[in-house]
Amino acid sequence: MKTFKKELKALKKQLSEPKRPVGRAGIEGANKQNPSSSVEEETFSFADVMQGVTPMSQDKVEPDKQVELFKKSQQVKGKHLKHSRQLAASFNFSDMYQAALPQEGPMRFCQEGESTHILKQLRRGDYSPEMTLDLHGLTREMAKAELAALIHTARKELIDCVCVMHGFGQGVLKAALPHYLVQHPHVRAFHQAPLEYGGQAALLVLIDIPLQNNKR
């Protein structure tokens with residue numbers, strides 16, 4: 001009974017004493033009293049903490065290679081076209097030259113030595129133009145420069161059929177264009193375009209491309 005009373009007094013005394021804050025010194029003291037807990041904290045690795053966590057997938061988006069190649073090809077084509085205009089400037093179309101062209105029916109022309117069958121093919125739309133030149137709003141001088149550049153670029157890109165749109169307007173370019181085309185040595189033939197490519201407002205032109213890659 002006496003022993004129980006002593007323990008009760010000791011407990012009351014312990015509860016009545018103010019609690020001391022546990023600071024760094026207290027923690028270090030506790031670690032000194034219990035060195036095993038310190039060892040456990042030191043050996044506790046990051047891998048143990050992340051155990052069971054699923055890693056996130058890579059969220060970097062790689063650029064589309066096809067898009068990049070397309071942009072580069074467009075830039076190269078733009079440079080080539082500019083360079084083609086400069087090279088083609090050496091070919092001068094004459095406003096004085098008047099070719100013997102048909103006065104009736106659709107406008108057409110076939111170079112000497114070419115089969116007239118290609119005129120029927122152009123009329124039927126058997127050839128599909130891969131490049132189109134619109135001459136609307138251009139002066140004669142501008143139109144001649146653009147036309148020479150078109151033919152030069154088509155040969156360089158191995159394109160054998162192009163469409164040249166002269167429009168209606170006052171009919172100045174419509175009347176002059178066939179005479180320009182006849183003068184160029186790389187024009188095999190031309191014919192009034194089918195309706196789907198402009199009809200009476202355009203011409204389909206067949207270009208003589210390099211023989212080693214000729215599409216004939």
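Modeller: The protein has 8 helices and 5 strands, taken as DSSP runs (H or I of at least four residues for helices, E of at least two for strands) and numbered from the N terminus. From the N terminus on, the elements run α-α-α-α-α-β-α-β-α-β-α-β-β. This is a predicted model, in which local features need pLDDT of at least 70 and side-chain atom pairs count only at pLDDT 80 or more, while totals for chains, interfaces and linings use all residues. Residues are numbered from 1 along each chain as its sequence is written, and side-chain values use heavy atoms, with hydrogens and water left out.

Of the 216 residues, 28% count as buried, meaning under 20% relative accessible area, with exposed over 50% and partly exposed in between (1.4 Å probe, protein chains only). Among contacts (heavy atoms within 4.5 Å) between residues at least 6 apart in sequence, 72% join residues at least 24 apart.

Now to the helix pair. The axes of helix 7 (residues 140–156) and helix 8 (residues 172–183) come within 11 Å and cross at roughly 40 degrees. Axes here are lines fitted to C-alpha atoms over the stretch in contact, and angles run from 0 to 180 degrees between N-to-C directions. Helix 7 and helix 8 are therefore oblique to each other; angles under 35 degrees count as roughly parallel, over 145 as roughly antiparallel, 65 to 115 as roughly perpendicular and the rest as oblique. The crossing of helix 7 and helix 8 is right-handed, that is, the near helix is turned clockwise from the far one by less than a right angle.

On the helix 7 side, Arg-140, Ala-143, Lys-144, Leu-147 and Ile-151 take part, and they meet Val-172, Leu-173, Ala-176, Leu-177, Tyr-180 and Leu-181 of helix 8. These contact residues divide into 9 nonpolar, no polar and 2 charged (nonpolar: Ala, Val, Leu, Ile, Met, Phe, Trp, Tyr, Cys and Pro; charged: Asp, Glu, Lys and Arg; polar: the others, Gly among them).

Tyr-180 also pairs with Phe-93: the rings are tilted, 5.7 Å centre to centre with 40 degrees between the planes. Rings of Phe, Tyr and Trp (its six-membered ring) pair if their centres lie within 6.5 Å; planes under 30 degrees apart count as stacked, over 60 as edge-to-face and the rest as tilted. Phe-93 lies in the loop between helix 5 (65–88) and strand 1 (108–110), so the pair ties together parts that are 87 residues apart in sequence. Tyr-180 is buried at a relative accessible area of 3%, and Phe-93 is buried at 6%.
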